Amino acid sequence: MKTRCKDKNGDYIYEGDILHVEEYPGKYVGGSLDFEGLVTIEDGKAMVIYLDIGESESYPISMFPKEGREIYPEKWRYNYWRSLYLGGKPPAELWKTELYRQHFDTKEKEKSR
């Protein structure tokens, strides 16, 4: 599912994208948010979720300025999911563009039934 948000390159952000977000792009501000996360839709809002082993926290994408959002390319998505799978090979529907967009779109359709 496409969100209304765009990244710093002007590309639309989709559910399932891996997004690098910075609260203050290009500046060091102690305690500010700067992480890679999974884009999801929660209660109709586009959110980015920080995932770590046994931990997750979600934030609205809109709280990060457009210049502080970058969609990960396919190779980086693969490495992101590989780290969450503790070095194992992640399923292709999580990191291959044409597959993960279908995967998350199908999940949304099933949810609405």
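Visitor: How many aromatic pairs are there by this rule, and what is the rule?
Guide: The count comes to six aromatic pairs. Rings of Phe, Tyr and Trp (its six-membered ring) pair if their centres lie within 6.5 Å; planes under 30 degrees apart count as stacked, over 60 as edge-to-face and the rest as tilted. The model is predicted, with local features needing pLDDT of at least 70 and side-chain atom pairs pLDDT 80 or more, while totals for chains, interfaces and linings use all residues. Residues are numbered from 1 along each chain as its sequence is written, and side-chain values use heavy atoms, without hydrogens and water.

Visitor: Why is the pair of phenylalanine 35 and tyrosine 59 called tilted?
Guide: The ring centres of phenylalanine 35 and tyrosine 59 are 5.6 Å apart and the planes stand at 50°, so the pair is tilted.

Visitor: What makes the pair of tyrosine 80 and tryptophan 81 edge-to-face?
Guide: The planes of tyrosine 80 and tryptophan 81 are at 85° and the centres 5.5 Å apart, so the pair counts as edge-to-face.

Visitor: Why does aspartate 17 count as buried?
Guide: Buried means under 20% relative accessible area, exposed over 50%, partly exposed in between (1.4 Å probe, protein chains only). Aspartate 17 has 0% relative accessibility, so it counts as buried. Tyrosine 80 and tryptophan 81 are both buried too.

Visitor: How do you know that the charged end of lysine 2 sits over the ring of tyrosine 12?
Guide: The rule asks for NZ of Lys or CZ of Arg within 6 Å of the ring centre and within 35 degrees of the ring normal. The charged end of lysine 2 is 4.1 Å from the centre of the tyrosine 12 ring and sits over that ring.
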